[in-house]
Amino acid sequence: MLSLVRMRPFQSGPGPLSPGSRAGLGAALALLAIVSAVELADGRPANYIAFMVGAPFLAAALASWRIVLGLGVAATALGAAFALAAETVPLPTAVAVACIALGTAIAVATAAVRQRQAEQIVELSRLASVAQQAVLRPLGPQVGTLSVAARYISSTATAEIGGDLYEAVDTPYGVRMIIGDVRGKGLDAVRLASIVLGSYRHVAYERADLRAVVTDLDRAVARSVGDEDFVTAALVEERGGTLTIVNCGHPPPLLLRRGAVIPLEPPAPAPPLGFMPVVRPRVERLEPGDRLLLFTDGLGEARRDGEFFPTADRAWGLLGHGTVADGLASLETALVEWVHGRLDDDIALVLMEYTGSRGVATAAVPSWEVGAAES
């Protein structure tokens, strides 16, 4: 979804200098020192002071406008000192000093514009982070009888804008979870993801049958998208130790049990939300300690040198230890290392662990049989 852009504003007030400001200041001071050394070694008249105009421009690329102004003033003063050291000041030397002053003014204006734009980006990113938290609420650590953790891994180091979504709620029909992936990226994908999550948070409490939840979500998507837009999704329900899964064109969840990794493929394929999917539930009986990994297709597409990340082969070793949060942290570390930090798509991960029944006296039947059981 959305997240904070990982960059720091340039230092514009008192306080420690940012790394960018320190780099710009260092490069500019080095240039002034080199030009001054050449001038001193060459003697009179001042032949090289025009090169000092580069100092404020070097600083303008990285440092704040205040630092650029200070360096420009220093460069102008230093150039004037070399010029006045001669008995007479030739016209080219005077023009060189004037060019340093003019270059300083241009560099200060450039740095001010760049700094203002960087601060605006940081502010917008902060608002985006708030929006992300409103759309993707934190999960866990406990939802009903399940220990739950979730992570969102961005495909870029600068932003996390995509359409991956997840949610887990404890309803009268058991703990229900959804994971989905909106086609495309950007604000349109975020808008559709928020629509799906908003609808899910309502109908998950209202519909006894997961298939009815799918129908409601499909209608919400169809009302909000174009002909080529869709949302892949997997819906999971845990009720009294019985796990029910319906899948709408989404990668199948992985069940981790006693060292084995079992892909929970659907009984029959179904299209994504937006294409009127007709789903058939898959039902599994859970054992205490079982873990279930839900993920978006970015995990299956992560590769290096054409070789895909071996999710199924490494799932137990990465996810079968510690808490569910520990497991996801290990998976993220291994994944980022595998692709050398370069992902092609965002990835949403949800890991749950069944900790045992709450001892409810009612019969443990999946949601798609609730109506039959009550009739």
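Reader: How many bridges join strand E5 to E6?

Author: Strand E5 (residues 231-239) is joined to E6 by 7 bridges, and the two run antiparallel. Two strands pair here if DSSP finds at least two bridges between them, and the helices (H or I, at least four residues) and strands (E, at least two) are DSSP runs numbered from the N terminus. Please keep in mind that this is a predicted model, in which local features need pLDDT of at least 70 and side-chain atom pairs count only at pLDDT 80 or more, while totals for chains, interfaces and linings use all residues. Residues are numbered from 1 along each chain as its sequence is written, and side-chain values use heavy atoms, with hydrogens and water left out.

Reader: OK, and what sits between E5 and E6 in their hairpin?

Author: The hairpin has 2 residues between the strands, and in it Gly 240 takes a positive phi near 60°. Glu 238 stands opposite Leu 243, which belongs to E6.

Reader: What order do the strands of the open sheet take?

Author: The sheet has 5 strands in the order E3-E4-E5-E6-E9, with antiparallel pairing. Its edge strands are E3 (164-171) and E9, each of which pairs on one side only. Neighbouring strands are turned against each other by 15° on average, direction ignored, where axes are lines fitted to C-alpha atoms, for helices over the stretch in contact, and angles run from 0 to 180 degrees between N-to-C directions.

Reader: How many bridges join E4 to E5, and how many does E6 have with E9?

Author: Strand E4 (residues 174-182) is joined to E5 by 8 bridges, running antiparallel, and Val 182 stands opposite Val 231 in E5. Strands E6 and E9 (residues 282-285) pair over 4 bridges, again in the antiparallel sense, and Thr 242 has Arg 285 as its bridge partner in E9.

Reader: Which helix lies across E4, E5 and E6?

Author: That is helix H6 (residues 210-224), which runs at about 155° to E5.

Reader: Why is E6 described as largely enclosed?

Author: Because 7 of the 7 residues of E6 (residues 242-248) are buried, the strand is largely enclosed by the rest of the structure. Buried means under 20% relative accessible area, exposed over 50% and partly exposed in between, using a 1.4 Å probe and protein chains only. Thr 242, Thr 244, Val 246 and Cys 248 point one way from E6, whereas Leu 243, Ile 245 and Asn 247 point the other way, and all are buried.

Reader: You mention a cysteine; how many disulfides does a search of the whole structure find?

Author: The search finds 0 disulfides, a disulfide being a pair of cysteine sulfur atoms within 2.5 Å. Cys 248 is buried, with a relative accessible area of 0%, while Cys 99 is partly exposed at 39%.

Reader: What about helix H8, which of its residues are buried?

Author: In H8 (residues 311-319) the buried residues are Thr 311, Ala 315, Leu 318 and Leu 319. Seen down the axis of H8, they fall within an arc of 90°, so they line one face of the helix; the arc is that of the directions from the helix axis to the C-beta atoms. On the other side of H8, Asp 313 and Gly 317 are exposed. The buried residues of H8 are covered by elements including helix H9 (324-338) and strand E13 (347-354).

Reader: Where in the loops is His 340, and what is its phi?

Author: His 340 lies in the loop between H9 and E13, and its phi is near 55°, a positive value in a residue other than glycine. His 340 is exposed, with a relative accessible area of 58%.

Definitions and conventions
Contact = heavy atoms within 4.5 Å.
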